[in-house]
Amino acid sequence: MSLARNLNRALTVTTGLQVRRAPQAAKGKPKGKPGKRQAAAQPAARQAAAYRCPSAEELPTERLLRRPVFIISSIRSGSTLLRMMLGAHPRLHAPHELHIGRLEVTCANWFSERAMGALDLRRGDLEHLLWDRVLHRELTRSGKDFVVEKTPANAYMYQRLKDCWPDARFVFLLRHPVSIARSWHETDPVKRPHDTAVTDVLRYMTAVEEARAADADGFTVRYEDITDDPEREMRRLCAHLEVDYAPAMLSYGKKGNAELVRGLGDWRENIRTGTVQPGRALPGEEEIPERLRAMCADWGYTS
């Protein structure tokens with residue numbers, strides 16, 4: 001038995017701790033925590049967690065939450081507006097961005113790891129149980145029937161969400177790619193030049209399109225259609241979610257201003273008005289950067 005294993009066995013018995021080799025930083029990449037712009041623009045980079053997908057028969061035991069709704073969108077696509085409108089529905093609870101994908105579970109010692117393994121629970125399974133409990137707690141506190149979660153980083157974990165909740169429903173929110181890039185650039189034009197903003201949002205949009213292509217049962221809605229005719233679009237969405245249309249969705253601010261949390265979605269003046277504001281004019285085709293042309297075509301914004 002190696003020295004490291006002997007040491008860890010002794011430490012586990014006496015302290016519950018173990019010694020592990022520190023991960024090495026990748027060559028050519030900066031060390032330390034990423035800045036806000038990096039964290040916002042890049043997907044989580046960590047080792048994939050092993051887990052199993054519960055069958056339909058196992059769901060009542062494995063999950064408290066049933067039929068959650070996930071909005072899959074890029075940053076700066078109007079997801080806060082959509083979640084406020086949905087949250088004004090008497091049966092739908094739409095809290096601020098919850099970032100559940102960043103909640104991780106670790107077995108701190110050999111005993112806990114072996115104990116969970118004996119229950120057929122790996123790290124990914126434990127994370128799923130945690131995510132499910134957090135969302136179910138939030139839904140139960142609201143007194144409503146279904147939860148709606150809109151964290152933009154969900155675009156990078158569509159398959160994980162679907163594996164965690166096989167009965168989950170997905171709403172794909174699109175916006176003109178040029179408008180997304182401009183809006184992201186305008187949030188910090190000094191630190192985020194337009195070309196950098198295009199690079200950032202293109203990652204999100206690519207992930208959204210990959211998820212949309214994989215989900216034949218998902219519902220697609222465009223931000224511009226919501227701002228142009230909100231009642232029509234909410235009626236369509238409610239029909240898809242199998243809930244009755246609620247006129248309160250068009251005046252969400254009467255219930256929702258206290259729910260805006262800085263840094264966890266949009267909190268600026270337009271969203272605080274409590275009603276749907278007109279969207280910006282669509283860019284002309286001559287304004288579309290070359291890198292965004294394919295996405296504009298895929299999303300039906302160009303002929």
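H93 stands opposite V147 of strand β3, in a spot where β2 and β3 run parallel and are joined over 2 bridges; strands count as paired if DSSP finds at least two bridges between them. This is a predicted model, in which local features need pLDDT of at least 70 and side-chain atom pairs need pLDDT 80 or more, while totals for chains, interfaces and linings use all residues. Residues are numbered from 1 along each chain as its sequence is written, and side-chain values use heavy atoms, with hydrogens and water left out.

Stepping back, the chain carries 14 helices and 5 strands. Of the 303 residues in the chain, 44% are buried. Here buried means under 20% relative accessible area, exposed means over 50%, and partly exposed is in between (1.4 Å probe, protein chains only). The chain exposes about 16500 Å², with carbon and sulfur atoms supplying 52% of that area; accessible areas come from the Shrake-Rupley method with a 1.4 Å probe, and for residues only the protein chains shown count as cover. As for contacts (heavy atoms within 4.5 Å), take those between residues at least 6 apart in sequence: 77% of them join residues at least 24 apart.

The 5 strands of the open sheet are ordered β2-β3-β1-β4-β5, with parallel pairing. Strands β2 (92-93) and β5 (219-222) sit at the edges with a single partner strand each, so one side of each has no neighbour in the sheet. Helix α4 (residues 79-87) packs on the sheet and touches β1, β2, β3, β4 (169-174) and β5. The direction of α4 makes about 155° with that of β1, where axes are lines fitted to C-alpha atoms, for helices over the stretch in contact, and angles between N-to-C directions run from 0 to 180 degrees.

Strand β1 (residues 69-72) pairs in the parallel sense with β3 (residues 146-149) over 2 bridges, and V69 is found opposite V148 there. On its β4 side, β1 makes a parallel pairing over 4 bridges, in which F70 has F170 as its bridge partner. In a regular strand, side chains alternate between the two faces of the sheet. In β1, V69 and I71 point one way, F70 and I72 point the other way, and all are buried. Strand β3 is likewise covered on both faces, with F146 and V148 buried on one side and V147 and E149 buried on the other.

Now for the aromatics. The whole structure holds 6 aromatic pairs. Rings of Phe, Tyr and Trp (its six-membered ring) pair if their centres lie within 6.5 Å, and planes under 30 degrees apart count as stacked, over 60 as edge-to-face and the rest as tilted. F70 and W165 make a tilted pair, at 5.4 Å centre to centre and 40° between the planes. Since F70 is in β1 and W165 is in the loop between α7 (158-164) and β4, the pair ties together parts 95 residues apart in sequence. Both F70 and W165 are buried. The rings of Y156 and Y204 are 5.0 Å apart at their centres with planes at 45°, so this pair is tilted too. Y156 is in the loop between β3 and α7 and Y204 is in helix α9 (residues 194-214), 48 residues apart. Y204 is buried at 4% relative accessible area, whereas Y156 is partly exposed at 27%. Ring pairs also link F70, Y158, W165, F170 and F172 into a cluster.

Two arginines sit over rings. R169 lies over the face of F146, 4.7 Å from the ring centre, and the charged end of R192 is over the ring of W184, at 3.6 Å from its centre. The criterion is NZ of Lys or CZ of Arg within 6 Å of the ring centre and within 35 degrees of the ring normal.
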